[in-house]
Amino acid sequence: MALKDLIEDMTIDKHVQIEQLPEIELYMDQVIQLFEMTFNDLKREEKEKIMTKTMINNYAKGGLLSPSRNKRYTKAHVMVISLIYEMKGALSLKDIQKTLSQAEITEFQDPHAVRSLYEDYLKSALSNTEEVKQRMKEQAAALEEEFSEKINDPYVQQVLLILTFVHQSNLYRRAAEKLIDTLP
């Protein structure tokens, strides 16, 4: 199978959609279940945990998330947890805390501010996913074409593509860290 076909078949992005959130507040187990169901397709191993009680408690202790109310989490809580989940793969908790605290959504979690930020994020993420996936397919095709005569081994070609993606990921992470460093 060609590398670009592998990429086409990949599920590389999922998000908790606002429409998934019930009008009632959720207990921690329900929040965890929502994340597990939403991100299940992104798991690499069946035993992998997407979200745990410890993670959520650590987010609250670290000032990333306001405390729950009567052990229940609002829509705003879930949206902030989703933003944290997205950032934690690339950024330190300190950087996430600085980013979200500057957005003034972690301490008091103004539901309107959180929803507005989250809606804008989802819209941007959808556009980014389509653009990145297209770019990935183009890179895979270019790599196969460029190295097909020199490297006739599909395994080595796939490793080169993996290295390319990791390098780009590192570039984006470093750029995000530089932007965090310039936050007021």
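Asp 41 and Lys 14 meet through their side chains in a salt bridge, 3.3 Å from N to O; the term covers a side-chain nitrogen of Lys or Arg within 4 Å of a carboxyl oxygen of Asp or Glu. Asp 41 sits in the loop between α2 (28-39) and α3 (53-61), and Lys 14 in the loop between α1 (3-8) and β1 (26-27), so this pair ties together parts that are 27 residues apart in sequence. Both ends are partly exposed: Asp 41 has 47% relative accessibility, and Lys 14 has 29%. For the cut-offs, buried means under 20% relative accessible area, exposed means over 50%, and partly exposed is what falls in between (1.4 Å probe, protein chains only).

A quick word on the ground rules: this is a predicted model, in which local features need pLDDT of at least 70 and side-chain atom pairs count only at pLDDT 80 or more, while totals for chains, interfaces and linings use all residues. Residues are numbered from 1 along each chain as its sequence is written, and side-chain values use heavy atoms, with hydrogens and water left out.

| Asp 41 | Lys 14 | 3.3 Å |

Glu 177 comes in at 25% relative accessibility, so it counts as partly exposed, and Arg 173 is partly exposed at 24%. There's also a network of salt bridges, which links Glu 25, Arg 69 and Arg 72.

**A nonpolar patch**

Helix α7 (residues 154-181) also holds Val 159. Val 159 is partly exposed, with 31% relative accessibility. Together with Tyr 155, Val 156 and Leu 163, Val 159 forms a nonpolar patch on the surface, with about 370 Å² of accessible area in total. Patches are made of residues with over 30% relative accessible area and no salt bridge; like charges are joined within 9 Å, and nonpolar side chains (Val, Leu, Ile, Met, Phe, Trp, Tyr) within 5 Å. Accessible areas come from the Shrake-Rupley method with a 1.4 Å probe, and for residues only the protein chains shown count as cover.

**The whole chain**

Stepping back, the protein has 7 helices and 2 strands, running α-β-α-α-β-α-α-α-α from the N terminus. These are DSSP runs, numbered from the N terminus: helices are H or I with at least four residues, strands are E with at least two. The C-alpha trace spans about 65 × 40 × 25 Å along its principal axes.

Of the 184 residues, 32% are buried. The protein's accessible surface comes to about 12100 Å², and carbon and sulfur atoms own 53% of that. Taking contacts (heavy atoms within 4.5 Å) between residues at least 6 apart in sequence, 69% join residues at least 24 apart.
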